[in-house]
Amino acid sequence: MEEFFIESDGIKLHSKLEKPEGTDKCPLCILIHGFTGHMEEDHIIAVKDAMLKAKVAVLRVEMYGHGQSEGEFEKHTLYKWVTNALSVVDYARSLDFVTDLYLCGHSQGGLLTMLVGGMCPDDFKAIIPMSPAWMIPEICRAGMILGTTFDPKHIPEKAYSNDGWWLCGDYIRVAQTIHVEDEIERYEKEVLIIHGDEDETVPFDYAEKAEKLYKNAKLIPIHGADHCYVNHLEELSEAIYSFFIN
Ligand code: FER
């Protein structure tokens, strides 16, 4: 395992690269956590291990304001995450050992995966949005965030969640401008969507809607799984492993 920082617009992003044993050249998957998440969460580790078992190298990176990366959580926005992800893709392109490149992310990282897939369609063999939180732009336009409501035409300075998190109004301003359908349309290659059908954070309907909108997507529902696949990590691992070995 190599641990290092990738520079992105003056911000150091904490990164870990792991390669499968006994391979010279191999595919690489970039793997991104969700909102308030980090690279050591159980579901991220499960996915990483399943990829390594399928002989795919994994580059886990923590985005602005998360984990051990620089930036303040309260000041993160989807534009900052997009800028970060583009820097990570740039870094991945420079690696000699990589055959095919993949992008995978959970929840807000899954939304990021959908956006960056559309922005860099030539770079990825496939993208893997897991429980993608692609309702965020829509709910921000409707005046909802973190389970609370606001006037979408008069964005508050700060938005608070019931469980103690808060975000700057700029998070909402940025989210309101994003139209995920445009980026769905731009990505014509293979998409694997994985989503728990008892997700309490991101409605499962969004996975079904994304599967229909993409030209070439397959949804693997994980029956009974919640947002982070607690008690369903084996099914999650199996979905990832079989995607890469088939
Ligand atoms: C929200 C609902 C879900 C939200 C973020 C999420 C910032 C993302 C969840 C995740 O990434 O796990 O209202 O607001």
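Student: What makes helix α5 (residues 169–176) count as mostly covered?

Tutor: Burial does: 6 of the 8 residues of α5 are buried. Buried means under 20% relative accessible area, exposed means over 50%, and partly exposed is in between (1.4 Å probe, protein chains only). The buried ones are Gly169, Tyr171, Ile172, Val174, Ala175 and Gln176. Helices here are DSSP runs of H or I with at least four residues, strands are runs of E with at least two, and both are numbered from the N terminus.

Tutor: Before we go on, this is a predicted model: local features need pLDDT of at least 70, side-chain atom pairs count only at pLDDT 80 or more, and totals for chains, interfaces and linings use all residues. Residues are numbered from 1 along each chain as its sequence is written, and side-chain values use heavy atoms, with hydrogens and water left out.

Student: What covers the buried residues of α5?

Tutor: The cover includes α2, α3, α4 (136–141), β7 (144–145), β9 and β10 (166–168).

Student: Why is α3 described as largely enclosed by the rest of the structure?

Tutor: Because 11 of its 12 residues are buried. Among them are Gln108, Thr113 and Met114.

Student: How do you know that the span of α3 is close to what's expected?

Tutor: The expected span is 1.5 Å times one less than the number of residues. For the 12 residues of α3 that gives 16 Å, and its first and last C-alpha are 16 Å apart.

Student: Why are α2 and α3 called oblique to each other?

Tutor: The axes of α2 (residues 78–93) and α3 (residues 108–119) cross at roughly 60° and come within 10 Å. Axes are lines fitted to C-alpha atoms, for helices over the stretch in contact, with angles from 0 to 180 degrees between N-to-C directions. Under 35 degrees is roughly parallel, over 145 roughly antiparallel, 65 to 115 roughly perpendicular, and the rest oblique. So α2 and α3 are oblique.

Student: Which residues of α2 make the contact with α3?

Tutor: Leu78, Trp81, Val82, Ala85, Leu86 and Val89, where contact means heavy atoms within 4.5 Å. Ala, Val, Leu, Ile, Met, Phe, Trp, Tyr, Cys and Pro count as nonpolar, Asp, Glu, Lys and Arg as charged, and the others, Gly among them, as polar.

Student: How do α1 and α8 pack?

Tutor: Helix α1 (residues 42–53) and helix α8 (residues 233–245) pack at about 35°, with axes 8 Å apart. Their contact divides into 9 nonpolar, 2 polar and 2 charged residues.

Student: What makes the phi of lysine 55 worth a look?

Tutor: Most residues other than glycine have a negative phi. Lysine 55 has a positive phi of about 65° although it isn't a glycine. Tyrosine 229 has a positive phi too, of about 60°.

Student: Why does glutamate 157 count as exposed?

Tutor: Its relative accessibility is 69%, so glutamate 157 counts as exposed. Glutamate 157 lies in the loop between β8 (148–149) and β9 (158–160).
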